Amino acid sequence: MKEEKSLNVKMLLKLTNDLAMTILLLLAMAYQITGNTMHELVGASLFVLFVLHNILNRRWYKTIIKGRYNLLRFLKVSINLLFLFTMTAVLFSALPISQDVFPFITVNNDMLFRQIHVITAYWGLILMSIHIGLSWGMIVNAVRKMTGITGTNRIRTLCLRLLAVLIVVYGIRNSFERNLGSKLTVYDPFGFWVSNDSSLRFLIEYLSVVGIYIFGTHYTLKFIQKHSKYKRSMRGQ
């Protein structure tokens, strides 16, 4: 009982940390709203949470070299490592271009660092969403366990899936309206913002974009696992 309680506390800490990271990354993208000083403070806080995230999940690194690899495991590990790389690039490229939090770190030509910082920030947002999507089933099960929801309910499941579809559709619309594709390849400093937007609209539209990759990854993963299970059962007959 004591061990189970300890695991629940650790899982709650992980979920809280991941949620805080997601919120801070969204705030960091809202440069035109927060201003430079707040943007840098949010970035510094995100760095602390990113380090904590890796400490809490340090056992994962030991599993990389263990066991056999199939295509699905290879994709999972690749996504996680790419997310680690992009977040590291975002956070460390911020140091030379800092104006308020780390003004003592200066470079003569900061344009390259700005380009790296902005482009990897957009990629980091997408990879973070996929990273969450890969663990979405585990997150849902952990929340159910902590809230005492153990049984299944077809109506609740149907409503949640319908909500996921609506979020994905809305997110795809916003991706095209915000021209997200070009932001992943072309330097556009904090250009994912339109000046006549409200803060609430900005947050909702960003969350819908995040939802595309969370739910898209989660349900694609479920389909692959179900298909693999079906093929194994067919071979066993």
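Of the 237 residues in the protein chain, 33% are buried. The model is a predicted one. The protein chain holds nine helices and zero strands, and from the N terminus on its elements run α-α-α-α-α-α-α-α-α. Among contacts in the protein chain with a separation of 6 or more, 77% are between residues 24 or more positions apart. The protein chain exposes about 15200 Å², and carbon and sulfur atoms supply 67% of that area.

Helix α5 deserves a separate look. The helix has 24 residues and reaches 34 Å from its first C-alpha to its last, close to the 34 Å expected at 1.5 Å a residue. Because 17 of the 24 residues of α5 are buried, the helix is largely enclosed by the rest of the structure. Leaving aside residues up to four places away in sequence, Leu125 touches Leu25, Leu26, Tyr206 and Val210.

With residues up to four places away in sequence not counted, Val42 touches Leu24, Leu27 and Ala28. Leu26 and Val42 are 16 residues apart in sequence, and their C-alpha atoms are 9.8 Å apart in space. Leu26 is also one of the residues that Leu125 touches.

The aromatic side chains can be followed in the same way. A pair of aromatic rings is described by the distance of the centres and the angle of the planes. The count comes to six aromatic pairs. In one of them, the rings of Phe47 and Phe92 have their centres 6.1 Å apart and their planes at 90°, so this pair is edge-to-face. The pair links distant parts of the chain, as Phe47 is in helix α2 and Phe92 is in helix α4, 45 residues apart. Phe47, at 35% relative accessibility, counts as partly exposed, and Phe92 is also partly exposed, with a relative accessible area of 48%.

Trp60 and Tyr61 form another pair: the ring centres are 5.2 Å apart and the planes are at 75°, so this pair is edge-to-face too. Trp60 has a relative accessible area of 26% and is partly exposed. For Tyr61 the relative accessible area is 33%, so Tyr61 is partly exposed as well.

Key:
Residues are numbered from 1 along each chain as its sequence is written. This is a predicted model: local features need pLDDT of at least 70, side-chain atom pairs count only at pLDDT 80 or more; totals for chains, interfaces and linings use all residues. Side-chain values use heavy atoms; hydrogens and water are left out. Contact means heavy atoms within 4.5 Å. Helices (H or I, at least four residues) and strands (E, at least two) are DSSP runs, numbered from the N terminus. The expected span of a helix is 1.5 Å times one less than its number of residues. Buried means under 20% relative accessible area, exposed over 50%, partly exposed in between (1.4 Å probe, protein chains only). Rings of Phe, Tyr and Trp (its six-membered ring) pair if their centres lie within 6.5 Å; planes under 30 degrees apart count as stacked, over 60 as edge-to-face and the rest as tilted. Accessible areas come from the Shrake-Rupley method with a 1.4 Å probe; for residues, only the protein chains shown count as cover.
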